[in-house]
Structures are given as C-alpha cells and as structure tokens.
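I opened my notebook to look up a few things, one entry at a time. Come along and check each entry with me.

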Amino acid sequence: MRDRQINEVTAIPPLTPGFAGDQHKAALVVKPGDLALTDPFFLMADDQVTSGGPFGEAHPHAGLETVTFMLNGFMEDGTGRLEEGDVEWMTAGSGIVHNKDTVVSTGMRLFQLWLILPERDRNMEPRVQILKRDQMPVRRELGAEARIYSGRSGDTLSTTKNAVPVTLVDIRLQPGAVFEQDLPGAYNGFVVGLGGEAFVGSHSTMISAGFVGWTHPLEEKGESRLRLTAGPLGGRIMLYAGQPQNIQVVARGPFIAGTAQELDGYYRSYRHGEFPQAESLPA
C-alpha cells in the first residue's frame with residue numbers, strides 16, 4: 001500500500017470581520033478559486049462569534065453541499081440545535097433556504113465546508129442530515145480515538161449519505177500515539193490542526209493548531225495510507241478527503257452551477273419562492 005505525504009502546508013489566515021455584525025469574525029481555511037487543487041472542496045470557512053444572540057439571516061444555497069462542523073458552543077435554527085461535535089450535512093441540490101431565526105452562543109466556533117456536487121446530482125432533491133456527536137461511530141486504537149462522520153476508518157463505517165464520496169474523521173491522539181488512515185489513492189484531502197501537534201505523512205510533516213496540510217491524489221490506483229504520529233503533548237486533527245469530480249463549475253454568491261445560464265435559473269427560482277425551507281424537509 002502506498003504511503004501518502006503532505007504536499008503543501010498553509011496557515012489559517014487571521015480572522016477578519018464576518019457577515020453577521022461586529023461579533024462575527026471569519027477566516028478561509030480553504031480558499032475558493034483553485035478548484036483544480038482543492039476539488040471536490042470549493043471552500044471552507046472558520047466562523048467565530050464573540051457574543052451570543054441572533055446570527056445572520058435566512059439565505060439560499062443550490063448546486064452544492066454544506067458541511068457545518070460545530071467546534072465550540074451551539075447554533076440553533078429551525079432544523080434543530082448543533083452542539084459541540086455535531087455536524088449538519090446539507091445537500092442543497094436544486095435549491096434550499098436555511099438558517100431561519102438562527103441563534104448562537106457566546107464563543108461559538110464552526111467550520112463550514114462547501115462541496116461541489118457531481119453533474120448528475122447537482123439538481124437532486126435537497127436534504128438535511130443532522131449528525132449528532134454521540135451517535136457517530138468511533139474507532140479506537142492504542143492512544144487514539146477517531147470519530148467518523150462520513151466514510152470509513154479501519155473497519156468502522158459511517159452511514160452518512162454522500163453525493164460525493166467523502167471521508168470526514170475527527171482524530172484525537174495521546175502523546176506519541178500512531179494512527180493510520182486508509183484512503184483511496186484517487187482522493188484529494190487535507191488535515192487541519194485543532195490542538196497540540198502531529199507528524200503527518202511519509203515525510204512526517206508537522207501539523208499544529210491553525211495549520212492545514214494537503215495530501216493530493218496519487219497516480220497509482222487502489223488504497224493508500226496516511227500515517228499520523230502525535231507530538232509530546234498529543235494532538236487533535238480533522239481529516240477531510242474526497243473524490244475529485246474533475247468538472248468545470250461557475251459560482252456566484254451562495255450558488256454553484258455548471259453554466260452561467262444554470263446560475264441564472266437558480267436566482268430566478270429563488271426569487272419566485274420555489275426553494276423549500278430546510279425545516280420543512282422530512283427528517
């Protein structure tokens with residue numbers, strides 16, 4: 001089995017003012033604009049709130065999936081309440097409106113990822129999956145605990161529904177612990193340091209809190225392996241990996257489409273009130 005390496009390391013940039021007033025700051029963990037390198041991940045934002053209360057306004061999405069991972073605090077809207085370690089996996093598909101009457105706690109922090117959808121699924125029926133932390137499968141190895149929100153780790157499999165094959169694992173390592181994650185060689189992926197540090201990949205690249213390491217697809221088919229070794233204080237690493245779609249997309253505002261005409265169609269449908277509210281969808 002081929003061992004993966006970390007091909008590129010970037011730092012999460014400093015927080016800047018967000019869209020939800022003075023109490024909201026944000027930074028781009030994954031920047032848009034270079035899909036050839038980040039495919040199938042379009043962008044990922046680190047959103048942080050200094051004081052609780054109402055947060056943003058109801059807004060639409062179409063042509064993509066959003067994956068919202070609650071790191072600290074809580075967020076509550078019409079679809080339910082996300083607490084620390086919970087994930088909302090929202091497939092916007094043909095169009096959806098969400099975050100109506102949203103309330104957040106002081107100190108809330110979340111990652112929100114945007115995934116492009118395969119062409120055949122871009123206009124699928126929208127759906128929302130609420131993945132509760134305590135209901136997610138956990139793989140335990142010596143000194144390591146991996147909570148699996150999507151995909152597989154070892155023999156442990158998540159039941160999350162995916163339009164794009166994606167592995168999402170929250171890995172916590174005790175000092176010196178070694179953990180191996182198998183991934184299809186074709187997957188593109190990145191790890192985000194949330195605490196402590198770990199030496200990742202065949203070149204033992206150090207990933208500490210606030211840094212992102214990319215592992216790009218391999219030319220060889222079949223399975224590959226990404227090894228993580230914790231530093232002296234242990235570490236927490238988020239792993240995102242997925243199947244590149246190798247398609248051309250155009251984006252504007254909250255929509256991702258295949259053509260400018262399709263984008264115009266999303267805006268027209270939204271203005272005509274044709275997008276369902278997220279809270280109206282069956283659980």
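Which residue in E15 does Thr91 stand opposite? I looked it up, keeping in mind that this is a predicted model: Thr91 stands opposite Arg127.

**Entry on the strands.** E11 covers residues 87–91, and E11 pairs with E15 in the antiparallel sense over 5 bridges. Next I looked up the sheet around them. I found an open sheet of 7 strands, with antiparallel pairing, and I wrote down the order E3-E4-E5-E14-E8-E11-E15. Strand E3 (16–17) and strand E15 (127–131) are at the edges; each has a single partner strand, so one side of each lacks a neighbour in the sheet.

**Entry on the cavities.** How many cavities of 30 Å³ or more does a search of the whole structure find? I noted 2.

I sorted the lining of the largest cavity into 3 nonpolar, 3 polar and 3 charged residues.

The second largest cavity has a volume of about 30 Å³. I listed Arg133, Glu145, Arg147, Asp170 and Arg172 as its lining. What kinds of residues line the second largest cavity? I counted 5 charged, no polar and no nonpolar.

Notes
Residues numbered from 1 in each chain as written. Predicted model: local features only at pLDDT ≥ 70, side-chain atom pairs only at ≥ 80, totals over all residues. Heavy atoms only, no water. Pairing = 2+ DSSP bridges. Helix = DSSP H or I, 4+ residues; strand = E, 2+ residues; numbered from the N terminus. 1 Å grid on protein atoms, 1.4 Å probe; cavity = no way out; pocket = protein on both sides within 12 Å on 5 of 7 lines; lining within 4 Å. Points joined across faces, edges and corners; volume = space filled by probe spheres on them. Nonpolar A, V, L, I, M, F, W, Y, C, P; charged D, E, K, R; others polar.
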